[in-house]
Amino acid sequence: MGWLRLWGTAALVGALLTALGAVASATAVAEAVDTVRAYRTAEACQDGKARSDCLTTRTATVRATERTGGRSARYAVRLEHTPDVPELVRLAGDEPLLRLLRPGDGITVTLWRDHATAIHRDGVTQHSTDTPETDPEWRTGLAAVLLVLACYLLYVGTTLLARTREIAERGAPRGFRFFGTRALWTALAVIPAGAAGALASGGAGHEERGWIVLLVVWGALVPLVLAVLRRRDGRRCRDQRSARLYGSPGTL
């Protein structure tokens, strides 16, 4: 039974650390919103001097391009080493510029703080994925997922410590799987909620909408997810009772 108590203690420690992570992520949302607002209102550096809070440009040379579609899609341009310019700029797709680039081509990179936000060549611009645009939604979603995980670890830890002897004799309680399944799907519901939040936060002046919409949509999805799981479990129980009462067709 000693190892059960050890696992229970570890689960409680994990719950505490995960809860602290959720709090840290949640408290960073306001800062992320301010960062997005600063990015959206940033203007080009007027005096030609590079500063972190204005948009500056640097020239660079293409070393290689990466264009891989499918599930693990990857679009990026690798650059020759240039001071203050990252050697890899990730993009969302092949259009409109990446497909035209070849090794040795010269391009212009727009920089803001530590982000390479866009590439340009011959009047064609393609924005990168290296922007702070969705940071508030990411932090809010991470906080929600960590909160769900902390609650589940708290349940597991307290159960292991309070029912050590019973679990050692009879095995893990059904609640581990029952609540584990619900925790998993509740956490996964953050994904569509995050997509809705990202759409809602688009445009200047809407920086605070995203994380609020995420929480609202997530709060609406969680009861729906739990209802679907409850209905599935009920149907499974009815099928098992029917099998016990009447037997499977092969046993007739």
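This is a predicted model: local features need pLDDT of at least 70, side-chain atom pairs count only at pLDDT 80 or more; totals for chains, interfaces and linings use all residues.
At what angle do the axes of helix 3 and helix 6 cross, and within what distance do they come?

Two packed helices are described by the angle between their axes and the distance between the axes. For helix 3 (residues 135–162) and helix 6 (residues 190–200), the axes come within 10 Å and the crossing is roughly 160 degrees. Angles over 145 degrees count as roughly antiparallel, so helix 3 is roughly antiparallel to helix 6. The crossing of these two helices is right-handed. If you look at where they touch, you will find Glu137, Gly141, Ala144 and Val145 on the helix 3 side, meeting Val190, Gly194, Gly197 and Ala198 of helix 6. Sorted by class, this contact has 4 nonpolar, 3 polar and 1 charged residues.

Stay with helix 6 for a moment. Its buried residues are Val190, Ala193, Gly194 and Gly197. Seen down the axis of helix 6, the buried residues fall within an arc of 100 degrees, so they line one face of the helix.

Thr186, Ala187 and Leu188 of helix 5 meet Val190, Ile191 and Pro192 of helix 6. The residues of this contact divide into 5 nonpolar, 1 polar and no charged.

Now go back to helix 3 and look at its packing with helix 1 (residues 2–27). The axes of helix 1 and helix 3 lie 7 Å apart, at an angle of about 160 degrees. Helix 1 and helix 3 are therefore roughly antiparallel to each other. Helix 1 passes helix 3 in a left-handed crossing, whereas helix 3 passes helix 6 in a right-handed one. The contact of helix 1 with helix 3 comprises 19 nonpolar, 8 polar and 2 charged residues.

Threonine 117 sits in strand 5 (residues 115–121). Is threonine 117 buried or exposed? Its relative accessibility is 4%, so threonine 117 counts as buried. Leaving aside residues up to four places away in sequence, threonine 117 touches Tyr39, Thr110, Trp112, His127, Ser128, Asp130 and Thr131.

Notes. Residues are numbered from 1 along each chain as its sequence is written. Side-chain values use heavy atoms; hydrogens and water are left out. Axes are lines fitted to C-alpha atoms, for helices over the stretch in contact, and angles run from 0 to 180 degrees between N-to-C directions. Helices (H or I, at least four residues) and strands (E, at least two) are DSSP runs, numbered from the N terminus. Angles under 35 degrees count as roughly parallel, over 145 as roughly antiparallel, 65 to 115 as roughly perpendicular and the rest as oblique. A crossing is left-handed if the near helix is turned anticlockwise from the far one by less than a right angle, and right-handed if clockwise. Contact means heavy atoms within 4.5 Å. Ala, Val, Leu, Ile, Met, Phe, Trp, Tyr, Cys and Pro count as nonpolar, Asp, Glu, Lys and Arg as charged, and the others, Gly among them, as polar. Buried means under 20% relative accessible area, exposed over 50%, partly exposed in between (1.4 Å probe, protein chains only). The arc is that of the directions from the helix axis to the C-beta atoms.
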